[in-house]
Amino acid sequence: MSLALTEIESITNDYFAASGGRAVDIYFRNSFLLDLLMNRQGGILERPAGGEKIRIPLNYSDAEGGFFTRSDALSSDDRVSINAATFNWKHAYGNATVYLTDEIEAAGDYAAVQFVTQKIETAQRTCANWLASTLYSAAGDEAPTLTGLRALTSEDADTPYGGIAENDLVAADGTLPWEGKTNSDAASMSLDILLALRTAAKVSDGRDGKPNVAVTTESLYNVISKALQAQQRFVTDDGVANAGFTHLVYEGMVLAADDYCPAGHCFALNTRFLGFAIHQNGFFARQPWVELAGPAGRSMKIPGPAPLATPTRRPHACHSNLS
């Protein structure tokens, strides 16, 4: 049989949340960090309506202030302390194409529907995989892929991140609040490595001042898991457990393995200052099926415009070259 265009549209709607469908988690089930930031909205989640770029305001220095006595003149000087990082839109997509010959060979209503839904799910996974695989990339602002975590934590002071180079942003005390932090010294994975990352990415000693999430490879995760189990300090976080990802909690920081994390890397992140900027109409909202211009069949695209953004690089750090 061959499904009518209205029938294939109706089947498709069942697999998209925007149409009241049910197959949402298929986008996030393979990557802990993608699930945390996008599905569970564990970080900042901007929903801009459009624009040439995403503008994320940042505050990097204190204003004029201090103590004074009765006779002191108080300064009214303005101190330049507010700037903004700009992030380019990143456009991932998945494609589903159903050829008429394949649809007919599916033989029967049930088989044809199963064939179409398999194509839809494959397109969904493809879009998610492109996002997850470049989430850790070192690509710069102008790359078509995500400007990922290795770019966020890069030590290259001359390469812009979010349109700003490290040395272009200097606070009143002379520090560089836009500095990337990556320790590339060869080292063995250990609890000390995690503590060092939390210290390197610390904004303050307060409640929200240290990284709350660390991601690494499965082999490096297993090293920490064994160390914590030996010390009887293995604990879990119910929210992460419910999402189906293996993890543990150390010093208040969730540590999880992510299949897309590059070998030898561990990232400490503060998700209060990290997240996706997703277009209001672009949360994996599919396009309509269209007839192919060449061979007989239909095609549908699933766009996912979503740059990874942060208002500050200070709360994030990386250690590479781990074993």
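Where is Gly-148 found? The model is predicted, so local features need pLDDT of at least 70 and side-chain atom pairs count only at pLDDT 80 or more, while totals for chains, interfaces and linings use all residues. Residues are numbered from 1 along each chain as its sequence is written, and side-chain values use heavy atoms, with hydrogens and water left out.

Figure 1. Welcome to the overview. The chain has eight helices and 14 strands; helices (H or I, at least four residues) and strands (E, at least two) are DSSP runs, numbered from the N terminus. Of its 323 residues, 46% are buried. Buried means under 20% relative accessible area, exposed over 50%, and partly exposed in between, with a 1.4 Å probe and protein chains only. Among contacts (heavy atoms within 4.5 Å) with a separation of 6 or more, 74% join residues 24 or more positions apart. The largest nonpolar core contains 63 residues, and Phe-32, Leu-33, Leu-34, Met-38, Leu-149 and Phe-276 have the most contacts inside it. Helix α4 gives the largest share of this core, nine residues. A second, separate core has 20 residues, including Leu-191, Ala-201, Ala-214 and Cys-266. A nonpolar core here is a set of buried Ala, Val, Leu, Ile, Met, Phe, Trp, Tyr and Cys residues joined through side-chain atoms within 4.5 Å.

**Figure 2. Helix α2 and the residue that follows.** Look next at α2, residues 32-39: seven of its eight residues are buried, so the helix is largely enclosed by the rest of the structure. The buried residues are Phe-32, Leu-33, Leu-34, Asp-35, Leu-36, Leu-37 and Met-38. Of these, Phe-32, Leu-33, Leu-34 and Met-38 are also listed with the most contacts inside the largest nonpolar core. Just after α2, Gln-41 takes a positive phi of about 50°.

**Figure 3. Helix α1 crossing helix α4.** Two packed helices are described by the angle between their axes and the distance between the axes. Here the axes of α1 (residues 5-13) and α4 (residues 109-134) come within 10 Å and cross at roughly 55°. The axes are lines fitted to C-alpha atoms, for helices over the stretch in contact, and angles run from 0 to 180 degrees between N-to-C directions. The two helices are therefore oblique to each other: angles under 35 degrees count as roughly parallel, over 145 as roughly antiparallel, 65 to 115 as roughly perpendicular and the rest as oblique. On the α1 side the contact is made by Ile-8, Ile-11 and Thr-12, and on the α4 side by Val-113, Val-116, Thr-117 and Ile-120. Sorted by class, this contact has five nonpolar, two polar and no charged residues. In this sorting, Ala, Val, Leu, Ile, Met, Phe, Trp, Tyr, Cys and Pro count as nonpolar, Asp, Glu, Lys and Arg as charged, and the others, Gly among them, as polar.

**Figure 4. The surroundings of Gly-148.** Here is the glycine from the opening question: Gly-148 lies in the loop between α4 and α5 (149-152). Its relative accessibility is 0%, so Gly-148 counts as buried. Leaving out residues up to four places away in sequence, Gly-148 touches Thr-134, Leu-135, Tyr-136, Ser-137, Ala-139 and Leu-308.

Figure 5. Leu-228 belongs to α7 (residues 218-230) and counts as buried at 0% relative accessibility. Its C-alpha atom is 8.4 Å from that of Tyr-250, 22 residues away along the chain. Val-223 is also found in α7, but is partly exposed at 35% relative accessibility. From Val-223 to Ser-323 the C-alpha distance is 9.3 Å, across 100 residues of sequence.

Figure 6. Most residues other than glycine have a negative phi. Glu-251, in the loop between β7 (247-250) and β8 (253-257), has a phi near 55° and is partly exposed at 43%. Asn-321, in the segment after β14 (317-319), has a phi of about 65° and is partly exposed at 42%.
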